[in-house]
Amino acid sequence: MKKCTYTPEKINKLVSLTISSEGSPEEFNLLSQHLRDCEVCREKLHRIKYIFSELTEMAKPDPLTPREIARLRGAVFEGSKQNKKTTVPDFSQSFVTVLLKPLAIAICAIFIIFAGWKIYREPALHTAKIQQEKISEEEVDIISHLDMLKDLETIEKLVKVLDEPPGSRS
Amino acid sequence: MFAKTSTDLMEIGEITLEKAKGGDSRAYEEIFIAYRDRVFNAAYHLCNFDREAALDLTQEVFLKVWEKLSQFDSRSDLYTWIYRIMVNIHLKERKKRRLYERFLEMFQFWTEKNHSVEASQLSGLENQELRSALIKALKRLSPKQEIVFKLKLFSGMTFSKISEITGMAEGTVKTHFTRAISTLQEELKEWLQ
C-alpha cells in the first residue's frame, strides 16, 4: 500500500469534511481526488465512517414512554406552577434563604471551630483552672472559720491565765 | 415579522406562543408537546446516552423555558432558543461532573442489560467494547468540542446553526469540530488500525 503524503492536519480536515458533509465544492473535489489516489486514507475513512455510524446508532434513544411523558409533564407543570409563585418577589423568603441561612451556618461553623480550637489548645489551662477553683474553695473554707480560730486563741490565752499559780500573776 | 420562526409557528402557532409568553400554561403545554421529543433526543446525546440524566435535563430545560419564555424575542426560532438554554444548563451540569457519575451507573446497567447489538462487521462483544470505547472517547472532548460535535453529528445541525446556538463564530465552530474529530481519532486509534 502506498504511503499517504498528506500531513495529519490535512487528513483531519478531510475526515472532518467527510463527517460534517459541509464544505465548499473545491474542498470536496480535493477530497475525492485524494481518495481516488490514496488507499491509506480510503481505508481510514471507511473505518472512521463505520465507527461514527455506530456512534449515531447509539445516539438513537427509544421513544419516550407514556410513563416518562407523564413524569416529565408532572414535573414541568407542577414545577412551573411553583416557579410562577416564586416569580412574585417574596422578600421574607429570600431574606431567610439568602441572608439568614448562610449567616446561621457561618456562626455555627465559627462556634464549632472556636470551641474545638479552645479544647485543643488549652486542656492544661482548663485543668489548672479547675485545680485553682478547688484551692480557692479550701481557702474560702479556712476564711469562713477564721473567726472561730481567733476565738480559740482567746480561749487558749484565758486557759493559760487561769492555769498559772496565783503568786506568779503579780 | 416572524420570518425565522416559520417552522416553529407551523407547529405551535403565533397565538399560542404569545399566550404562553403571557403565562398561559395551556399554551405552554402545546409547546411542551411540540418539542418534548426533540428536546429529549438532544438531551440524550448531551448526556452521553444516559436516559435518566436526559429526562432530568429535559425537565430542567422545560422549567427554564417556562420561566424565561416572556424574554423570548423571536429573533431566532424557538427551537434554537430552547436548544441554547439546554446547552447552557448542560455546560453548568458538566462542570459539576454529576452527569459523568450517572453515565458510569448507566454503563453498568448497559453491560448487565446485554444491549441488543446491530448487525455489523464486528462480533457482539467487540461491538460492546467499541461502544464503551466511543463513550470514553466522547468524555475526552472539551466542553466546546463536545457540544459542537454532538450538535453536528447527532442533531445534524449546520455549522451556522451551531454558531447561532453557542454564540461562537462559524470558523471557531468548524475548528472545534475538527479538533473533536482529531481527539476522537486519537482516543480510538486502536479501532482505526
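The entries below go from chain B as a whole to its rings, and then to a patch on chain A.

**Ground rules.** I am working with a predicted model, where local features need pLDDT of at least 70, side-chain atom pairs count only at pLDDT 80 or more, and totals for chains, interfaces and linings use all residues. Residues are numbered from 1 along each chain as its sequence is written, chains are lettered from A and ligands numbered from 1 in the order in which they are written, and side-chain values use heavy atoms, with hydrogens and water left out.

**Chain B overall.** I counted 11 helices and 0 strands in chain B (DSSP runs, H or I of at least four residues for helices, E of at least two for strands, numbered from the N terminus). Of its 193 residues, 51% are buried (under 20% relative accessible area; exposed is over 50%, partly exposed in between, with a 1.4 Å probe and protein chains only). I then looked at contacts (heavy atoms within 4.5 Å): among those between residues at least 6 apart in sequence, 63% join residues at least 24 apart.

**Helix α8 of chain B.** I found residues 143-153 mostly covered, with 9 of the 11 buried. Among them are B:Phe149 and B:Lys152.

**Rings.** I listed 15 aromatic pairs over all chains (Phe, Tyr and Trp rings, the six-membered one for Trp, with centres within 6.5 Å; planes under 30 degrees apart are stacked, over 60 edge-to-face, the rest tilted). B:Tyr79 and B:Tyr83 are edge-to-face because their planes stand at 85°, with centres 5.3 Å apart. Both sit in helix α5 of chain B, 4 residues apart, about one turn. B:Tyr79 is buried at 13%, and B:Tyr83 is buried at 1%.

I also noted one aromatic cluster that includes A:Phe52, B:Phe149 and B:Phe159. B:Lys152 lies over the face of B:Phe159, 4.6 Å from the ring centre (NZ of Lys or CZ of Arg within 6 Å of the centre and within 35 degrees of the ring normal). In chain A, the charged end of A:Lys10 sits over the ring of A:Tyr6, at 4.5 Å from its centre.

**Patch on chain A.** Which element gives the largest share of the nonpolar patch? I found that α7(A) does, with 6 residues. The patch covers about 740 Å² and includes A:Ile142, A:Leu146 and A:Val159. A:Ile142 belongs to helix α6 of chain A and is exposed at 51% relative accessible area.

Terms used. Patches are made of residues with over 30% relative accessible area and no salt bridge: like charges are joined within 9 Å, nonpolar side chains (Val, Leu, Ile, Met, Phe, Trp, Tyr) within 5 Å. Accessible areas come from the Shrake-Rupley method with a 1.4 Å probe; for residues, only the protein chains shown count as cover. A salt bridge is a side-chain nitrogen of Lys or Arg within 4 Å of a carboxyl oxygen of Asp or Glu.
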